[in-house]
Amino acid sequence: MAKSTAKQSFVDPDRGPLFSVRSIIAVVLMLVGIAWIIFYYAAVRADPTAIPADKPGGPSFMGDMEKWNYVVGFGLFFLGLLISAHPSTPLGRGRGVVVGMLSCFILGLLWICTFYVLSGDNLPKVAIFNDLDQWNLVVGIAFMAVGFSFATRWE
């Protein structure tokens, strides 16, 4: 009977490491992007329906950036997704490429469909969608563009 070692490893010899510096950076960028958007929307953004008009709260530089905060937040999020498409990350190799690609395509489609379904009377009631208005289409298309970056890695 052969001796088996109880040593656990997060490295699959066929697929590579489960965690890499690149995958950790990707996750951190995505989380910072989401946190940036939520913090801007919840704490900094002035309520456009308030009478008299509110002044932006939170850090003054975020209040001065106004809607550019969404560019920063979504930009960090999409940059994290793009970094995760590298073969050294779990999403960048094997079945992860298909999962990343289809997830981005479906999320982009759902984002655009949700925007169109909610446009009209319901849009002002939905967080983030109400601030972005027609820029929701750019966010949906950006999800799909990141999906194409995963598609280029598919073998």
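This is a chat about the predicted model shown above.

Trainee: Hi! What should I know before I start?
Mentor: The model is predicted, so local features need pLDDT of at least 70 and side-chain atom pairs count only at pLDDT 80 or more, while totals for chains, interfaces and linings use all residues. Residues are numbered from 1 along each chain as its sequence is written, and side-chain values use heavy atoms, with hydrogens and water left out.

Trainee: Let's zoom in on F78. Where does F78 lie?
Mentor: F78 lies in helix α3, which covers residues 68-84.

Trainee: Is F78 buried or exposed, and why?
Mentor: F78 counts as buried because its relative accessibility is 10%.

Trainee: Which residues does F78 touch?
Mentor: Leaving out residues up to four places away in sequence, F78 touches V139, A142, F143 and V146. A contact means heavy atoms within 4.5 Å.

Trainee: What about contacts across the whole protein?
Mentor: Among contacts with a separation of 6 or more, 68% are between residues 24 or more positions apart.

Trainee: New topic: helix α4. How many residues has it?
Mentor: Helix α4 has 24 residues, 95-118, and reaches 34 Å from its first C-alpha to its last, close to the expected 34 Å. The expected span is 1.5 Å times one less than the number of residues.

Trainee: Which residues of α4 are buried?
Mentor: Among them are G96, V97, W111, I112 and F115. What covers the buried residues of α4 includes α3, α5 (129-132) and α6 (136-151). Just after α4, G120 takes a positive phi of about 115 degrees.

Trainee: How many salt bridges does the structure hold?
Mentor: One. A salt bridge is a side-chain nitrogen of Lys or Arg within 4 Å of a carboxyl oxygen of Asp or Glu. Here the side chains of D131 and R45 meet at 3.2 Å, N to O. The pair links distant parts of the chain, 86 residues apart: D131 is in helix α5, and R45 is in the loop between α1 and α2 (60-65). Both D131 and R45 are buried.

Trainee: Last one: S20. Where does S20 lie?
Mentor: S20 lies in the loop between β2 (16-17) and α1 (21-44).

Trainee: Why does S20 count as buried?
Mentor: S20 counts as buried because its relative accessibility is 13%. Not counting residues up to four places away in sequence, S20 touches S88 and T89.

Key. Helices (H or I, at least four residues) and strands (E, at least two) are DSSP runs, numbered from the N terminus. Buried means under 20% relative accessible area, exposed over 50%, partly exposed in between (1.4 Å probe, protein chains only).
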